[in-house]
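This report describes helix packing, a nonpolar surface patch and salt bridges in one protein model. The sequence and structure are shown first.

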Amino acid sequence: MLPSRLLLNRPQLRLGLSCFILAFCSLNYEFLLAQMMSILGGHTVLFYCLTTGVYIFALGMGALIPVGDVTRAGAESLLFRVEMGLCLLGGGSPLWLSLIGQLMSLIWQGTPPPVVISMIPHGVLVIAIGVLSGMELPVIMRLGELADAKSAVTKLLVIDYLASFIGALSFPLVLFPAMGMVRVAALLAMMNLYAVLISVPLKQNTHRFVAVSVSACLALLIFMQSDAISRWLSHYL
């Protein structure tokens, strides 16, 4: 049997599952962006390291968000906005990076732009996704405190580390080889939306319900059409 301090009650169980999903997605977003940037930059080790370093820095910046006095409604609203932002930026990251690359190619009239210039928008995207991902754990921890007791904080930290470990194994061994970048990005976006469903109350005919429904449909469409999108992406790359 597990020690009692590791057990979760029902509200904490929902938050624990949400924390696991968000940490899993966060690390896989990092790998996805690093893989994409290394392909575009042509220097695998350099851009993998740069992406990892910048992403971790952005996580720390996002974790600085003050949530100690935030109410439950405020924390749920903030978590909703963060997850919708990650769904848009992270789930569509292969498309955004490719479109930005094509736009810069048009600006430079078909010649490749300098590597430093071409990496600027990619770095901005990494920072944006990293900051949003860094905001997740403090908000989840605040919801855990409001749901039961401060003991939930330690449990959520354990779940966060465990999910990061599983995410580190799943991307190179399962997700990327089996699905490719586009399908993985869409899957992560849908997982973010699922975390919203179990953490934030959604009422029908509200802007939250509409936003989640539309985002889920778009993510599912990208997931189903990932082969065609991947062929276009491979042609561009």
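Leu103, Leu106, Ile107, Trp108, Ile117, Ile120 and Val124 make a nonpolar surface patch of about 680 Å². Helix 4 (93-107) and helix 5 are the elements that give two or more residues to this patch, and Leu106 lies in helix 4. Patches consist of residues with over 30% relative accessible area and no salt bridge, nonpolar side chains (Val, Leu, Ile, Met, Phe, Trp, Tyr) being joined within 5 Å. Accessible areas come from the Shrake-Rupley method with a 1.4 Å probe, and for residues only the protein chains shown count as cover.

The model is predicted: local features need pLDDT of at least 70, side-chain atom pairs count only at pLDDT 80 or more, and totals for chains, interfaces and linings use all residues. Residues are numbered from 1 along each chain as its sequence is written, and side-chain values use heavy atoms, with hydrogens and water left out.

**Helix packing**

Helices are DSSP runs (H or I, at least four residues), numbered from the N terminus. Axes are lines fitted to C-alpha atoms over the stretch in contact, with angles from 0 to 180 degrees between N-to-C directions.

| Helix pair | Axis separation | Angle |
|---|---|---|
| Helix 3 (residues 72-89) and helix 5 (residues 115-147) | within 9 Å | roughly 150 degrees |
| Helix 3 and helix 7 (residues 207-224) | within 11 Å | roughly 20 degrees |
| Helix 2 (residues 44-63) and helix 5 | 7 Å | about 40 degrees |

With axes crossing at roughly 150 degrees, helix 3 is therefore roughly antiparallel to helix 5 (over 145 degrees).

The axes of helix 3 and helix 7 cross at roughly 20 degrees, which makes helix 3 roughly parallel to helix 7 (under 35 degrees). Their crossing is left-handed.

Helix 2 passes helix 5 in a right-handed crossing.

**Salt bridges**

A salt bridge is a side-chain nitrogen of Lys or Arg within 4 Å of a carboxyl oxygen of Asp or Glu. The count by this rule is two. Arg72 forms a salt bridge with Glu76, with the closest N and O atoms 3.2 Å apart. Both residues lie in helix 3, four residues apart, about one turn of the helix.

Note on methods:
Angles under 35 degrees count as roughly parallel, over 145 as roughly antiparallel, 65 to 115 as roughly perpendicular and the rest as oblique. Patches are made of residues with over 30% relative accessible area and no salt bridge: like charges are joined within 9 Å, nonpolar side chains (Val, Leu, Ile, Met, Phe, Trp, Tyr) within 5 Å. A crossing is left-handed if the near helix is turned anticlockwise from the far one by less than a right angle, and right-handed if clockwise.
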